[in-house]
Amino acid sequence: MGRGIAQALADGGHRVSVVESVAEVAAHVEALDHPRIALRGLEDAVADCDLVIEAVSENVDVKLALWRRIDDLAAPRTLFATNTSSIDIDELARVLGDPTRLLGLHWFNPAVVVPCVEVVLGSLTGEATATAAAAMMASVGKQPIRVRTAPGFVANRLQFALFREAMLCLEEGLASAEDIDRIVQTSFGPRLARLGPLLSADLGGLDTYAAILQYLSAHLGERFEPPQSLMRMVAEGRLGAKSGAGVRGLDAAEYDELSRGMADLLRDAYRRPDAAPVPRS
Ligand SMILES: NC(=O)c1ccc[n+]([C@@H]2O[C@H](COP(=O)([O-])OP(=O)(O)OC[C@H]3O[C@@H](n4cnc5c(N)ncnc54)[C@H](O)[C@@H]3O)[C@@H](O)[C@H]2O)c1
């Protein structure tokens, strides 16, 4: 991830210093041969920079040890960011002299391609830190989206819920690994990518979604229990597009327009639904 992040920032016009402890990995960074990327030692790299992005292995102790060193070496004006996928920002901020300087900048692989960067605010992250870091992400063409810290933040909480169920479907012998992936690619995957899970539910009908979750929780366990907020909305008659009020808070006319235009909206997303990266055997 570090290499991709460095490349994205350098492509966006920034001078980037990369610190990598394994020579073989450092050689991959060198091979980029990018005029704005240089390999440096930690002391030189953090001595006078605008932003440090830590992207070492997803291990709390490894990260804490590194953050203690960065905190000693960096200038007071430098912003601190971690690319952690799941670790609560507050858990890392506690070793810093000034925890308001740290936030999460959660990039996605491949970093040079994926627009979203989750800008993760710890409970002590300063507003100035968040604003400056988000502006820097926008300056290199990324789409910074603010979230509050919690294990997994938003993207990985969603992504890993799906991954876990996919592994369980495989483990239970419901379908082959290849077919599980193909089902997602050719069914709800493209729609989910275009609408997101909440607008999808509004268009599908919140009462139907609630009923499905109730059935699933009765048969598959409490991990499928419908959230109280969903049951409340259903009780109040907020059923999504069909009732003109839903989770996304659009007005009745907007929901109506979306419902009527959904097939056109999604046609492109489903073009060549069988275009999988690995050919079927
Ligand atoms: N893999 C992904 O898709 C992905 C996506 C988003 C975020 N992340 C996060 O990014 C971070 C890195 O993930 P990754 O998949 O690139 O892991 P990785 O294990 O492939 O890379 C980590 C790199 O850090 C180096 N390293 C470890 N300790 C170091 C130190 N003290 N100084 C310098 N270099 C050091 C390692 O040699 C290794 O090359 C993790 O926090 C991960 O959760 C990963």
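This is a predicted model: local features need pLDDT of at least 70, side-chain atom pairs count only at pLDDT 80 or more; totals for chains, interfaces and linings use all residues.
Which residue in S6 does histidine 106 stand opposite? Glutamate 118 is the residue that faces histidine 106 there.

1. **Overall layout.** The protein chain has 281 residues, and 24% of them count as buried. Its C-alpha trace spans about 60 × 50 × 35 Å along the principal axes. You will find 13 helices and seven strands in the protein chain.

2. **Two domains.** The domain assignment places domain 1 at 2–148 and domain 2 at 187–270. If you look for the C-alpha centres of domain 1 and domain 2, you will see them 36 Å apart.

3. **Contacts along the chain.** Take the contacts in the protein chain between residues at least 6 apart in sequence: 60% of these join residues at least 24 apart.

4. **Strand S6 and its partners.** Strand S6 covers residues 116–121 and is mostly covered itself, with five of its six residues buried. Strand S5 (residues 102–106) runs antiparallel to S6, and three bridges join the two. Strand S7 (residues 143–148) runs parallel to S6, and here the bridges number six.

5. **The largest nonpolar core.** This core holds 37 residues. Those with the most contacts inside it are Ile5, Ala6, Ala81, Leu103, Leu105, Val119 and Ala133. Helix H1 (residues 2–11) contributes the most to this core, giving five residues. As general background, nonpolar side chains in soluble globular proteins tend to be buried together.

6. **A closer look at valine 119.** Leaving aside residues up to four places away in sequence, valine 119 touches Leu103, Leu105, Ala130, Ala133, Ala134, Met137, Pro144, Ile145 and Arg146. Leu103, Leu105 and Ala133 are also named among the residues with the most contacts inside the largest core.

7. **Around the ligand.** Which residues come closest to the ligand? They are Met1, Val56, Glu58, Ser85 and Asn109, out of 20 residues that surround the ligand. Sorted by class, the shell around the ligand has 10 nonpolar, eight polar and two charged residues.

Note on methods: Residues are numbered from 1 along each chain as its sequence is written. A residue is near a molecule or strand if its C-beta atom, placed from the backbone, lies within 6 Å of it. Ala, Val, Leu, Ile, Met, Phe, Trp, Tyr, Cys and Pro count as nonpolar, Asp, Glu, Lys and Arg as charged, and the others, Gly among them, as polar. Domain bounds come from an automatic or database domain assignment. A nonpolar core is a set of buried Ala, Val, Leu, Ile, Met, Phe, Trp, Tyr and Cys residues joined through C-beta atoms within 7 Å. A residue is buried if 20 or more other C-beta atoms lie within 10 Å of its own, exposed if 12 or fewer, and partly exposed in between; C-beta atoms are placed from the backbone. Helices (H or I, at least four residues) and strands (E, at least two) are DSSP runs, numbered from the N terminus. Two residues are in contact if their C-beta atoms, placed from the backbone, lie within 7 Å. Two strands pair if DSSP finds at least two bridges between them.
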